[in-house]
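My entries follow in the order I made them.

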Amino acid sequence: MSIKITEQSYGKARVCLSYIKRNENRHDFVQLTANVALAGDFNVAYSAGDNSPVIPTDTMKNTVYAIARKQGVDSIEAFARNLASHFYDSFEHVSTATISIEESLWNRIEIDSNKHDHAFVGGGSEQNTCTATASAEGVQLSSGLKGLQVLKTTQSGFEGFLQDDFTTLKPTDDRIFATTITADWTCQKPEGDWSKTRTKIRQMLLDVFATQYSPSVQKTLYEMADAVLAACPEIGQISLNMPNQHHLLADIEKLSLQNENDIFVPTPEPFGVISATISREV
Ligand SMILES: O=c1[nH]c(=O)c2[nH]c(=O)[nH]c2[nH]1
């Protein structure tokens, strides 16, 4: 039997880096996790056990720290771009270098409305994300956020859905809407101000979530994307993933109590999976 490799890539996952940028007494702090993935002319490593083209994944890990030291971490996007370019430019047999980064958030502690120079408070589950891919086409960058947990106690419903023999769900115009937003977007301007764009997009997502009646997760997702694309001309498209994290009415009638739409069972599993990519029509 003859076989062939149709696709391969390898790399190092979850390289953790903490970085201090010192401007006299004022410090910036970044904590990130980077994944490195390389594709290219590595087939002999698989088929013949020939390791001569293999850049050890241990070297990839070291490179993350070395590039941070040599080029700094101005933003996760700039750092991802520098790393991807390093791997693509340094090794002729690398055809694609992909760096994806997740940044844990540390916000300055505020004391009497003054932001502290070097003391920070954690940002919970939310993370900033980005991916840089270096190839013959140059460096492609996307940016995003994940773990943005939101909930509202009213102004959400779900009615008019398809009914069949297996449908038991009751239509409602007043339910809890809870989700954890993951968003990824592509920037048309490669040298944009990533951080400003992320702050603006995050605020648009929260504004639409909080202020518009939601007839479904799907419609709210669409309205969020519409608002982002309208407010940020630099964004070409946005992908949103918004699981429907159910809080179901508790069945307290069997306790001879009436549920006045205020007693719920938070139900982590199963959850609805709602996602879409929305782009501008050309
Ligand atoms: O907003 C919703 N979209 C659905 O597709 C769905 N399905 C479901 O059971 N509840 C909901 N809610």
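I began with α5, which has 15 residues in this predicted model. I read 21 Å from its first C-alpha to its last, close to the 21 Å expected at 1.5 Å a residue.

I then listed the buried residues of α5: Val 217, Thr 220, Leu 221, Glu 223, Met 224, Ala 225, Ala 227, Val 228 and Leu 229. What covers them includes strands β6 (177–187), β7 (235–241) and β10 (275–279), along with helix α4 (194–211).

Next I turned to the largest nonpolar core and found 57 residues in it. Leu 38, Phe 79 and Ile 181 have the most contacts inside this core. Helix α5 (residues 217–231) gives the most to the core, with 7 residues. I noted that domain 1 (10–136) and domain 2 (148–279) both contribute residues, so the core lies between them.

I checked Leu 38 separately. Leaving aside neighbours within four places in sequence, Leu 38 touches Ser 9, Tyr 10, Ile 55, Met 60, Phe 87, Val 94, Thr 96 and Ala 97.

Last, I looked at the two domains. Their centres, taken over C-alpha atoms, are 31 Å apart. The contact takes 8 residues from domain 1 and 9 residues from domain 2. Between them the domains bury about 660 Å², with 34% of it on carbon and sulfur atoms. On the domain 1 side, Glu 77, Arg 81 and Glu 126 lose the most area to domain 2, together 63% of what that side buries.

I counted 2 salt bridges across this interface. I also recorded a salt bridge between Glu 77 and Arg 198, whose closest N and O atoms are 2.7 Å apart.

Methods. Residues numbered from 1 in each chain as written. Predicted model: local features only at pLDDT ≥ 70, side-chain atom pairs only at ≥ 80, totals over all residues. Heavy atoms only, no water. Core = buried A, V, L, I, M, F, W, Y, C linked by side-chain atoms within 4.5 Å. Buried < 20%, exposed > 50% of the residue type's maximum accessible area, 1.4 Å probe, protein only. Helix = DSSP H or I, 4+ residues; strand = E, 2+ residues; numbered from the N terminus. Domains from an automatic or database assignment. Contact = heavy atoms within 4.5 Å. Expected span 1.5 Å × (residues − 1). Buried area = accessible area lost by both parts, 1.4 Å probe. Salt bridge = Lys/Arg side-chain N within 4 Å of Asp/Glu carboxyl O.
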